[in-house]
Amino acid sequence: MKILIADDDQISRMITKAAVEQSGHECIVAVDGDSAWQLYKEHSPEAVVTDLMMPGLNGLDLCRAIRAAEEDRYTYVILVTSHGSRKDVLAGMEAGADDYVTKPLDPFSLHIRLLAAQRITSLHADLARYRSALSEQARTDPLTKLHNRLKLAEDLGALHSGGVTGHNYCLAMVDVDNFKSYNDIYGHQAGDAALVAIASTLASEVRKSDAVYRFGGEEFLLVLRDQEAPGARMVMERVRSAVQSLRIEHSGDPDGVLTISAGISAFTDGHRAGTEQLLREADLALYASKASGRNRVSLADALRSE
């Protein structure tokens, strides 16, 4: 582990540092509470061994600051006191300390506490990884591995709350043409394989700054950042052509292969619409593509101007 020692007494620091290093851990040393807080923020140690009384932040204040700053990780805090009175121990625990030792420091006592610290921080790290994996799973479509509608709602919310006034973007609603008949003819297993192939193609044909989501069933939604309608249309024509080039056979489609249709709405200087309106506009543009014969891209701008 990486361990931060905070103590204003030089002899105590040397004894604690020697005990920590003998236990096989990396050591960072601070001479007062303020420098300890700065080193904590810079190095993110797994454990902190801090004196109770120090210039600047005292041990209790340092504990409180550490607990307030923690998010997905956990820091094990051991408070060192000269007295070991019940009052000091209780105050330390209430401030966020996990354990305590008394001066003069017994290296064996500290070693035992560092073993507990290693076990606890390891468990917290495992829990953080599990939480992260579950969070990612909740935002991922299990079939295509694209983002799902929950992630879309979060991303669109963040896009607007982050201040999109100076940034244009486009939404492209995509639907696989005649997909119901494809499932009827070839079966749902083939339909799932086709959706996976199409999803992979959508993701590979856009920039890393763009995002692709499974919107539902055979529908997908693309967020094209820093794009206006003409540029987005060029992107989606390339995407449409790439899907057609997959040559996924479909005897129930006039083209003989699976194709997609798309509708595009744009968030631009002249049209600062909300996300719900932009989604409706993209959906209406998609409907226009379907009504015009499928396997094509339509712009919501063109519909509004009619």
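Axes are lines fitted to C-alpha atoms, for helices over the stretch in contact, and angles run from 0 to 180 degrees between N-to-C directions. Helices (H or I, at least four residues) and strands (E, at least two) are DSSP runs, numbered from the N terminus. The model is predicted: local features need pLDDT of at least 70, side-chain atom pairs count only at pLDDT 80 or more, and totals for chains, interfaces and linings use all residues. Residues are numbered from 1 along each chain as its sequence is written, and side-chain values use heavy atoms, with hydrogens and water left out.

**Exercise 1.** Describe how helix α1 and helix α5 cross.

*Solution.* Step 1: the axes of α1 (residues 10–22) and α5 (residues 107–138) come within 9 Å and cross at roughly 50 degrees. Step 2: angles under 35 degrees count as roughly parallel, over 145 as roughly antiparallel, 65 to 115 as roughly perpendicular and the rest as oblique; α1 and α5 are therefore oblique to each other. Step 3: contact means heavy atoms within 4.5 Å. T16, A19 and V20 of α1 meet P107, L110 and L114 of α5. Step 4: these contact residues divide into five nonpolar, one polar and no charged, where Ala, Val, Leu, Ile, Met, Phe, Trp, Tyr, Cys and Pro count as nonpolar, Asp, Glu, Lys and Arg as charged, and the others, Gly among them, as polar.

**Exercise 2.** Carry out the analysis for helices α7 and α8.

*Solution.* Step 1: α7 (residues 179–186) and α8 (residues 188–204) pack at an angle of about 135 degrees, their axes 7 Å apart. Step 2: the pair is therefore oblique. Step 3: α7 contributes F179, Y182, N183 and Y186 to the contact, and α8 contributes H188, A190, G191, A194 and L195. Step 4: six of the contact residues are nonpolar, three are polar and none is charged.

**Exercise 3.** Characterise the hairpin of β7 and β8.

*Solution.* Step 1: β7 (residues 211–216) and β8 (residues 219–225) pair in the antiparallel sense over five bridges, and R214 stands opposite F220 in β8. Step 2: two residues lie between the strands, and G217 takes a positive phi near 60 degrees.

Definitions and conventions:
Buried means under 20% relative accessible area, exposed over 50%, partly exposed in between (1.4 Å probe, protein chains only). Two strands pair if DSSP finds at least two bridges between them.
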